[in-house]
Amino acid sequence: MPWIKILHIATLLCWCATLLYLPAMLLASARTRADSSFEYSAPSLLRFVFTHIATPFALLAIMSGTLLFIVAQLIGGWLVLKLAAVSGMVLCHVLCGALIARLEQDKRQFLVPASGLIAALAASLMLAVLVLVLSKPFD
């Protein structure tokens with residue numbers, strides 16, 4: 001069971017990092033200039049990070065957490081709240097994908113406030129998960 005916990009924590013850290021990085025990249029991409037010196041355009045780089053880095057880590061974190069839940073036979077009121085917070089993180093992940101699609105279509109309206117809101121919401125949900133897991137209230 002320790003290897004499942006290690007896998008879960010490692011993949012969760014990577015997913016959370018990308019969940020904070022994607023809105024930051026979206027904010028930067030919303031303000032890019034046409035004369036960019038990057039070899040790849042910002043939307044294609046965002047798409048790569050989203051599909052090849054963030055999504056696999058999210059799936060691995062969720063699968064390893066589910067396996068940990070089954071193997072350790074965890075139950076408690078805190079777990080329901082934690083799963084609700086993780087569902088919110090999944091929603092933030094999906095919203096990042098939607099904003100990337102809007103950026104690819106060059107629809108930049110509301111991109112900056114939406115990216116900031118997603119970053120703030122994701123950070124709040126990550127903090128909630130951390131507090132719930134460490135304190136285990138309602139146990």
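Predicted model: local features only at pLDDT ≥ 70, side-chain atom pairs only at ≥ 80, totals over all residues.
1. A residue is called buried under 20% relative accessible area, exposed over 50%, and partly exposed in between. By that scale Glu104, with a relative accessible area of 37%, is partly exposed.

2. As a general point, nonpolar side chains in soluble globular proteins tend to be buried together.

3. With its neighbours within four places in sequence left aside, Leu46 is in contact with Leu22, Met25, Leu26, Ser29, Ile100 and Leu103.

4. The packing of H1 against H3. These two helices pack at an angle of about 35°, and their axes lie 10 Å apart. The crossing of H1 and H3 is left-handed. On the H1 side the residues that meet H3 are His8, Leu12, Trp15, Cys16, Leu19, Leu22, Pro23, Leu26 and Ser29. Their counterparts in H3 are Lys82, Val86, Met89, Val90, Cys92, His93, Cys96, Leu99, Ile100 and Leu103.

5. The geometry of H3 and the residue that follows. H3 has 28 residues and reaches 41 Å from its first C-alpha to its last, which is close to the 40 Å expected at 1.5 Å a residue. Just after H3, Asp106 takes a positive phi of about 60°.

6. A search of the whole structure finds 2 salt bridges. In one of them Glu104 pairs with Arg47, and the closest N and O atoms are 2.6 Å apart. Glu104 lies in helix H3 and Arg47 in helix H2, so this pair ties together parts that are 57 residues apart in sequence. Arg47 has a relative accessible area of 33% and is therefore partly exposed. In general, side chains of opposite charge can pair when their charged atoms come close.

7. Asp106 is exposed, because its relative accessible area is 53% and the exposed class begins over 50%. Arg108 counts as partly exposed at 33% relative accessibility.

8. Ser64 lies in helix H2 and counts as buried at 4% relative accessibility. Not counting residues up to four places away in sequence, Ser64 touches Ile4, Leu7, His8 and Thr11. Thr11 is found in helix H1 and is likewise buried, at 5% relative accessibility. With residues up to four places away again set aside, Thr11 touches Phe57, Leu60, Ala61 and Ser64.

9. Met126 and its contacts. Met126 is in helix H4 and is buried, with a relative accessible area of 13%. Met126 and Cys16 are 110 residues apart in sequence, yet their C-alpha atoms are 7.3 Å apart in space. Apart from neighbours within four places in sequence, Met126 is in contact with Cys16, Leu19, Leu20 and Met89.

Note on methods:
Residues numbered from 1 in each chain as written. Heavy atoms only, no water. Contact = heavy atoms within 4.5 Å. Salt bridge = Lys/Arg side-chain N within 4 Å of Asp/Glu carboxyl O. Helix = DSSP H or I, 4+ residues; strand = E, 2+ residues; numbered from the N terminus. Buried < 20%, exposed > 50% of the residue type's maximum accessible area, 1.4 Å probe, protein only. Expected span 1.5 Å × (residues − 1). Axes fitted to C-alpha atoms, helices over the stretch in contact; angles between N-to-C directions. Left-handed = near helix turned anticlockwise from the far one by under 90°.
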